[in-house]
Amino acid sequence: MNKIPLSARLTVWTLVALLATPILITLVYSLSAQWGAQILPRGFTLDWYQTLWSDGRFLAAFGRSLLVCAAALALSLALILPTLFVVFYHFPRLKGLMNLLVLLPFAVPPVVSSVGLLQLYAGGPLPLVGSPWILVFCYFALALPFMYRALANNLEAVNLTDLMDAAHLLGAGTARAFLQVVLPNIRNGLLSALFLAFSFLFGEFVFANMLVGTRFETLQVYLYSQRTNSGHFTSAMVMSYFLFIGAATWLALRLQSRRA
């Protein structure tokens, strides 16, 4: 077994330290009772977390963010998964066009997109501005690149044509082959796509603030509204958000390892 060079280990640990230091400092600050001009905090307390998690407004904003993200991901999955299957199996020449189309949400800056959506849906037959529906549809478009790229890579890796031909030879129809043969083979990629998109959407602020604001307050809008409060309280919010995303990522990795 080759010994890892000291320079390589130092590089890795330096990178880990650089990434972990801001998180650890934020955690300590969120647990400190008082931390002003002195180097070390004066005592530790869980009062900031208790105040945060007993705030009904925070819990409501947290629930709204979960609801909007889940609805957007469900819509994305229901549309992109069958579309990818049809394109990769029946119309492989359209892969280039699909690669171009899914990048369009990132081609326009969020502020410009928000202004266009405000003008388009502020009135008329579909007055969606201020409602969660416009946020769901907007998040659906934002999730498409993450969903498409992860699933496309998996479909290319499993050799979709050979899998489907083998299933057909064994008597399975196209729908059954897709559900019982293709889906289990791209399960890890599907989980990765869902959690990657969820992590991005859960922390999205620009669209949520401009399209719905406090009329349907999400977690990021709530966090922005509390920016003038105590820094300890804000740090507790940031750490709660970070721990939630970390727990979701850990759960996804566990599910992948068990089903691998």
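Mentor: A definition to begin with: on a 1 Å grid over the protein atoms alone, a cavity is a set of points where a 1.4 Å probe fits but cannot get out, while a pocket is an open set with protein on both sides within 12 Å along at least five of seven lines; lining residues have an atom within 4 Å of a point. Grid points are joined across faces, edges and corners, and a volume is the space filled by probe spheres set on the points. This is a predicted model, where local features need pLDDT of at least 70 and side-chain atom pairs count only at pLDDT 80 or more, while totals for chains, interfaces and linings use all residues. Residues are numbered from 1 along each chain as its sequence is written, and side-chain values use heavy atoms, with hydrogens and water left out.

Trainee: OK. How many cavities of 30 Å³ or more are there?
Mentor: The structure has 2 of them.

Trainee: Which residues line the second largest cavity?
Mentor: Its lining consists of Ser65, Val68, Cys69, Tyr139, Leu201, Phe202, Glu204 and Thr218. H3 supplies the largest share, 3 residues, and H3 and helix H10 (187-202) each give at least two. Helices here are DSSP runs of H or I with at least four residues, strands are runs of E with at least two, and both are numbered from the N terminus.

Trainee: How does that lining divide by class?
Mentor: There are 5 nonpolar, 2 polar and 1 charged. For the classes, Ala, Val, Leu, Ile, Met, Phe, Trp, Tyr, Cys and Pro count as nonpolar, Asp, Glu, Lys and Arg as charged, and the others, Gly among them, as polar.

Trainee: And what lines the largest cavity?
Mentor: Phe58, Phe62, Leu219, Gln220, Leu223, Met237, Ser240 and Tyr241 do. The elements giving two or more residues to that lining are helix H3 (56-90), helix H12 (219-225) and helix H13 (231-259). By class, the lining of the largest cavity has 6 nonpolar, 2 polar and no charged residues.

Trainee: Switching to pockets. How much space lies in the largest one?
Mentor: About 220 Å³. The lining of the largest pocket is Pro105, Ser113, Leu117, Tyr121, Leu128, Ile134, Phe137, Cys138, Ala141, Leu142 and Phe207. Helix H6 (110-121) and H7 are the elements that give two or more residues to the lining of this pocket, and H7 gives the most, with 5. The classes are 10 nonpolar, 1 polar and no charged residues.

Trainee: Where does H7 bend?
Mentor: At Ala143, by about 35°, and a proline, Pro145, follows within four residues. The bend at a residue is the angle between axes fitted to the seven residues ending there and the seven starting there.

Trainee: Where is Thr214, and is it buried or exposed?
Mentor: Thr214 is in the loop between helix H11 (206-211) and H12. Thr214 counts as exposed because its relative accessibility is 64%.

Trainee: What about the whole chain? How many helices and strands?
Mentor: The protein has 13 helices and 0 strands. Of its 260 residues, 34% count as buried. The C-alpha trace spans about 75 × 70 × 30 Å along its principal axes.

Trainee: Which spans does UniProt list as "transmembrane region"?
Mentor: The unreviewed entry places that feature at residues 12-32, 65-88, 100-121, 133-151, 190-212 and 232-253. UniProt positions are in the numbering used here, feature names are shortened, and annotations may be inferred rather than shown by experiment. In the model, residues 133-151 are 100% helix and 0% strand, with end C-alpha atoms 26 Å apart. Residues 232-253 are 100% helix and 0% strand, and their end C-alpha atoms lie 31 Å apart.

How values were computed:
Buried < 20%, exposed > 50% of the residue type's maximum accessible area, 1.4 Å probe, protein only.
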